Amino acid sequence: FIYLIEPGHMYLMEDEVLGLRHYLENGGFMMVDDFWGEREWDQFESQLTRVFPNRKWVELPLEHEIFHCVYTMKVKPQVPSIHTYQRGYRTERADAEEAHYRAVYDDNGRMMTLICHNTDLGDGWEREGEDATYFELYSEKYAYPMGINIVVYAMTH
């Protein structure tokens with residue numbers, strides 16, 4: 001299980017592209033989190049395309065099992081960073097209003113990569129003791145349940 005954060009400026013060396021492809025195609029799982037806006041998406045997507053030149057990502061609908069396997073999510077969770085929340089904003093950038101959950105599958109239909117874009121689930125896990133209201137609004141409601149769903153889904157599919 002790889003947890004990759006802030007990939008909006010990532011550039012993979014050729015051996016990293018090959019190693020990541022090998023890992024994922026041989027049973028590995030990668031969760032990508034905490035990157036915002038179209039520019040960061042475009043950069044990440046360019047690297048993802050290098051890893052999987054013959055595969056396309058798909059947008060997951062809210063009905064997908066990953067949103068319901070343990071906890072039922074009524075929305076695709078969007079968790080701002082704690083600093084963005086404390087400044088009074090819901091998202092990191094103006095072009096990041098909607099959370100996206102995208103996936104890349106192998107030839108057998110196994111999800112190899114889950115991409116959580118325009119959200120920061122990790123801040124909901126790591127910042128819980130810093131702000132009680134943030135914890136109640138984002139950690140308890142969205143970050144923990146979605147994280148548990150992701151881990152359970154990845155380990156059982």
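A: A charge sits over a ring if NZ of Lys or CZ of Arg is within 6 Å of the ring centre and within 35 degrees of the ring normal. The model is a predicted one, in which local features need pLDDT of at least 70, side-chain atom pairs count only at pLDDT 80 or more, and totals for chains, interfaces and linings use all residues. Residues are numbered from 1 along each chain as its sequence is written, and side-chain values use heavy atoms, with hydrogens and water left out.

Q: What makes Arg 102 a charge over the face of Trp 57?
A: Arg 102 lies over that face at 4.6 Å from the ring centre of Trp 57, against a limit of 6 Å. Arg 102 also lies over the face of Trp 41, at 4.1 Å from the ring centre. Ring pairs link Trp 41 and Trp 57 with Phe 35 and Phe 44 into a cluster.

Q: Why is the pair of Tyr 85 and Tyr 134 called tilted?
A: Rings of Phe, Tyr and Trp (its six-membered ring) pair if their centres lie within 6.5 Å; planes under 30 degrees apart count as stacked, over 60 as edge-to-face and the rest as tilted. The centres of Tyr 85 and Tyr 134 are 5.5 Å apart and the planes stand at 50°, so the pair is tilted. The pair joins helix α3 (residues 82-86) to helix α5 (residues 132-156), across 49 residues; helices (H or I, at least four residues) and strands (E, at least two) are DSSP runs, numbered from the N terminus.

Q: Why is the pair of Phe 135 and Tyr 144 called edge-to-face?
A: The planes of Phe 135 and Tyr 144 are at 70° with the ring centres 6.4 Å apart, so this pair is edge-to-face. In the whole structure, 12 aromatic pairs are found.

Q: How do you know whether Tyr 144 is buried, partly exposed or exposed?
A: Buried means under 20% relative accessible area, exposed over 50%, and partly exposed in between (1.4 Å probe, protein chains only). Tyr 144 has a relative accessible area of 27% and is therefore partly exposed. Tyr 85 and Tyr 134, by contrast, are both buried.

Q: Why does Thr 113 count as buried?
A: Thr 113 has 0% relative accessibility, so Thr 113 counts as buried. This residue is found in strand β5. Leaving aside neighbours within four places in sequence, the contacts of Thr 113 (heavy atoms within 4.5 Å) include Leu 24, Val 32 and Arg 102.

Q: What places the buried residues of α1 on the same side?
A: The buried residues of α1 are Val 17, Leu 20 and Leu 24. They cover an arc of only 70° around the axis, which puts them on the same side of α1; the arc is that of the directions from the helix axis to the C-beta atoms. They pack against β1, β2, α2 and β5, while Asp 15 and His 22 are exposed on the face turned away from the buried side.

Q: How do you know how many disulfides there are?
A: A disulfide is a pair of cysteine sulfur atoms within 2.5 Å, and the count by this rule is 0. Cys 69 is in no disulfide, as the nearest cysteine sulfur, that of Cys 116, is 13 Å away. Cys 69 is partly exposed at 25% relative accessibility, whereas Cys 116 is buried at 0%.
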